[in-house]
Structures are given as C-alpha cells and as structure tokens.
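Here are my comments on the structure, as numbered points. Please keep the coordinates open while reading.

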Amino acid sequence: IDAPHLTGLTFRLFVKILEAPLIGAAIMKKKNEFLRSTVIPEPPMYKPEFPQDPEPGTILLDEDGNPEDRVELALKCLPDYDSFRYWKIRDYVYGYRSTPSMVAERIITVIEEPPAPLLVSFDAEEVRKQAAASTKRFEEGKPLSILDGIFMAIKDDIGCYPYIMKGATTWKDETNSNNEDAVCVSRLRSCGVIFVGKANMHELGMGTTGNNPNYGTTRNPHDPERYTGGSSSGPAAIVASGICSAALGTDGGGSVRIPSSLCGVVGLKTTYGRTDLRGSLCGSGTVEIIGPIASSVEDVTLVYAAILGSNPMDRNILKPLPNFPSMGSLRLGKYTPWFNDVHSTDISDKCEDILNQLEIVIPELHEMRTAHLVSIGSAELNYDSRTSMAIFRSFTASDYVAAQCLRRRLMYHHMEIFKKVDVIVTPTTGMTAPKIPPSALKYGETDIQVTGYLMRFVIAANLLGFPAISVPIGYDKQGLPIGLQLMGRPWGEASILRLASVVEELKRPVSFYDVL
C-alpha cells in the first residue's frame, strides 16, 4: 500500500494538504482512476440482494415475537452448562438471585477508576436505578429473562437513553438532542439488561484502530501499549476486561470483528437486514449492521436472539428468516492466497491448525476493496477522520454507480462459491494488535498499511451483506489474541454460530476485573 505512516505535526500538515482544493483533488483523482477506466457489464446493486431460502436444519424464529421469548428459545439451544475462563451470562444468573445492585457497585467503582477511557457517557445513578429495578424483580422471583441483571455497554453511535448519541465526537451533542433507545437497545431493555453507558469508539467509526484524541484512546486489555482495534473499541475492551458480559457495536467495515479479534473476544456481524438499524447513526447505510460482542459464542447467541428483527420497511425486499443452530454437517472453504496474506505467519499458522486442507478461489479481491470503500464513504472532526473524509469527497456519483455494479458482480462470484461450501474461513485480521505510537494520542495518526492488514478479510461480509463472526482461536508469540473469521451464506447465522462454538479459545487478559 503506497502511503506513509504519519503522526503528530507532520500528520496535521498532511491533512491540510489533502484538504486543499487543488492539491488534494489532484492526488485523489489519480488514485480513483481504476473505477473510471473499468467497464463493468453488470447493473448496479445499491443494497445487498439475496435469495430467500431458509437455512436447512435450523430452528426458525418469529422475529415479531417478544425478545424475551426468543432469548428463552436460544437458551434451550445452548449446550450443557460448563465452567469457563470468563464469567458467562448463565454464571450471573446462577450466581445471584437478588444482587444485581451489589455487582453494579463493583462495576461503578471500576469505571470511575482513571485512566480507562472505556466509556464516553456514564451516569452512576442511572446504573444504580436500573440495577435496583432488576434486584427487585429477582427478589420477587420475576426476572424478565436470562438477560435480566446482565450489564452491557452500547457503542456511542447507537441510541441509548438517557445519553445523547455523539459518535464519540466533541460536537455532535450540540446538533443532536435525541436520547432515545435504538430499536435493538429497546429490545434488550425489555429483557432486563442494565446499560452501563455509551462506549468509546473511533470517531464516527472512521478508523480501524480505535484511536480517539477526543476522549482518550481505549487500551487493549491484553497489552495497554496496544490498540484495541476499531471502530467498536470501547465495546470490545469493556467485554474483554470482564466489566460487562456483552456490548453492542456497529460494523460497516469490520468494526465489530476487528476489535473482537484484537481483544480476544467474540464479535458477530449479522446478515444485512437481520437487525434493525433505526436509532443509530448508520441507520441509512447499505453495508452496516448492529451486532453483539461478548466473551463467548454462547453469550453472543443470547444477545443476538434478543436484538434480531428487521426494519419493517425492508421486509418486502429482504424477508429475513431468523433461526438458531441445530446439528448437521458443514462444508468449509479456504482460498490460500487470501488466507496467507497476513503480517505475521503466527496468524495464518494458528488459523491453519484449526482447518483441514480445503480450497476455493475468490476472484476480484482488489476490486472488492475499492467497491467497499466507495460504498461506505458516500463538521469539525479530528485529523484521522478528516483524512477519511478527504478520501470520500474525492469519489464522484459515477464512481458510486460503478462500485454498485461491482457489488452485483462480486455477489454472483460469492453465491457461486456458496453452492460448494457453507462457510468461508479466513483469519479475522492480517495482524494482531498494533502498538500505539505515543505521538498519535494527541492528534491521531494515519497508517494505511495497518488499516490494510486489519481490514483485509472483513470487507466482503459488509459489501455483500453476508453474516460473519470473529472467534478467538489462540495467541501469537507475544501473547496477543488471534481471531478466526467464519463467513456464511445469507441468513446463515446459525451455521457460523455453531461452528464458532466448537473452535473458540479464550483466556483472561492482563487487565481483567472479576466483578462477579
């Protein structure tokens, strides 16, 4: 990738040049020649379009039913209860019958300890109020669901009462007075979930490291000198640290799966349209989803059960069919040149250990990266975000249409592959958690090579709308987590959840809080 790594004052100067009308435009025009010089015969596809076949051998759900009922059904699909390196949601339920308030006090103490910029909005009294209500329900023997009394963080680009949704900017609360729950959050609230606050993130989701000079950069619990990954940095770190059982993030370019991989937890990107985006900053996107992050596949499944359900406006087009895993054989596919395109062979070797030798071919990977960038990118921001905005502004309307033509072409290639396999397997990221340059903390940084390694394997699921999950499967020589990505065919969440539960391997990080 032809781009320098810049931080500090040099980075600020670079952004100024990139934003200059003549110089910046000339630089980006040269970089955009690919789309403008390529003839793509396929018509555009402005949103992912899928076949409506249900996933065979699964338990179908009613997405219009009560979230509590779906969670109860998900619980029945889980394997027998066993001990784990992290406390699971079932541990909380078995561990306390009338003590959510006691656990809340421990969590409040941890969150108020400096310096750990896990949250950008936090109200201790609001947490105590929710915990007291949950405690009362337990004392009366009337918990709302197995999620009652479970603590979760919500990424700052998803609405959660009573906090203003800011996208981790310093100005958006001045232009946005909406403090209502997003649809996904309201479903969790009906199950009794306790929300600890709004989690930190890469500003407006425009980055993969989690760097945020506005509120401080969240640190990786496995090594505080390294990034968490982004943009859902706070959600992944707060789960990996043991403070919360789960969190919600958004994923438009790997933003749930990248930090989950780097922090050693599980992150699920659902099929496009499986979850309702209303009440989030990405509500009108064509590549984004809201998805759960948790310490285990089991807990991801329970949260997924609560939040699933499409926007009614999309159902005539998408008609998603929610389901849960059952038993059956799966066919896995691996494209070796892509699989091995990593920064360190620690990653590909560890992922290879999980697999038998399988092989598929995925064409036009470079074109897919270009189409995704144009599709996702079409105020006063920090320098990192301003770099992304300068790139996005360089795309024309014809670039966007060309990218959507590529989307249809790539959809065809992948659906042909899914006639032969059920799941495509890759590493989640091409590198483990990168170090945080001290000079990047004040103004941010641009490191396109790191971005390339972090996004290498994740964008197909976003551009084409497929479900994908990152699951930890081991550690490199430095003790940093390695994630394996499982990408399924449309509406194939059940298959990837079942396979992920077989291969997951977790350990507690250096920075861990045993709040239970």
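1. **Domain annotation.** UniProt, in an unreviewed entry, places the feature "domain: Amidase" at residues 119-359 and 400-497. The model discussed here is predicted. Over the segment 400-497, the chain is 38% helix and 23% strand. The C-alpha atoms at the ends of that segment are 33 Å apart.

2. **Overall build.** The chain comes to 21 helices and 16 strands. Its radius of gyration is 21 Å, close to the 24 Å that the globule rule gives for 516 residues, so the chain is as compact as a globular protein of that length. Along the principal axes, the C-alpha atoms fill a box of roughly 70 × 50 × 45 Å. Of the 516 residues, 61% are buried.

3. **The sheet.** Look for an open sheet of 10 strands with mixed pairing. The strand order is S3-S5-S4-S8-S10-S9-S15-S16-S13-S12. Which strands stand at the edges? They are S3 (119-121) and S12 (332-333). Each has a single partner strand, so one side of each is left without a neighbour in the sheet. Helix H15 (residues 345-354) packs on this sheet. H15 touches S13 (423-427), S15 (468-475) and S16, and its direction makes about 55° with that of S16. For tracing side chains, recall that in a regular strand they alternate between the two faces of the sheet.

4. **Strand S5 and its partners.** S5 covers residues 194-199 and pairs with S3 in the antiparallel sense, over two bridges. On the other pairing, S4 and S5 run parallel and are joined by five bridges. Is S5 buried or exposed? Six of its six residues are buried, so S5 is largely enclosed by the rest of the structure.

5. **Helix H12.** This helix spans residues 297-307 and is mostly covered, with 11 of its 11 residues buried. Glycine 309 follows H12 and has a positive phi, near 135°.

6. **Two cis peptide bonds.** Most residues other than glycine have a negative phi, and most peptide bonds are trans. Against that background, check two bonds. The bond from tyrosine 161 to proline 162 is cis, with omega near 5°. Proline 162 is found in the loop between S4 (151-155) and helix H8 (172-175). A cis bond also joins glycine 230 and serine 231, with omega about 10°. Serine 231 lies in the loop between strand S7 (223-227) and helix H10 (233-240).

7. Alanine 168 has a positive phi of about 60°, although it is not a glycine. Alanine 168 is found in the loop between S4 and H8, which is also where proline 162 is found. Tryptophan 491 is a further case, with phi near 70°. Tryptophan 491 lies in the loop between S16 (481-488) and helix H21 (493-503). How accessible are these two residues? Alanine 168 is buried, at a relative accessible area of 0%. Tryptophan 491 is buried as well, with a relative accessible area of 0%. Please inspect the backbone at both sites.

8. **Cysteines.** How many disulfides does a search of the whole structure find? The search finds zero. Cysteine 77 is in no disulfide; the nearest cysteine sulfur, that of cysteine 191, is 16 Å away. A disulfide here would need two sulfur atoms within 2.5 Å. Cysteine 77 is partly exposed, with a relative accessible area of 26%. Cysteine 263 is in no disulfide either, and the nearest cysteine sulfur, from cysteine 244, is 14 Å away. Cysteine 263 counts as buried, at 0% relative accessibility.

Note on methods: Residues are numbered from 1 along each chain as its sequence is written. This is a predicted model: local features need pLDDT of at least 70, side-chain atom pairs count only at pLDDT 80 or more; totals for chains, interfaces and linings use all residues. Side-chain values use heavy atoms; hydrogens and water are left out. UniProt positions are given in the numbering used here, feature names are shortened, and annotations may be inferred rather than shown by experiment. Helices (H or I, at least four residues) and strands (E, at least two) are DSSP runs, numbered from the N terminus. Buried means under 20% relative accessible area, exposed over 50%, partly exposed in between (1.4 Å probe, protein chains only). Two strands pair if DSSP finds at least two bridges between them. Contact means heavy atoms within 4.5 Å. Axes are lines fitted to C-alpha atoms, for helices over the stretch in contact, and angles run from 0 to 180 degrees between N-to-C directions. The radius of gyration is taken over C-alpha atoms; the globule rule is 2.2 Å times the number of residues to the power 0.38.
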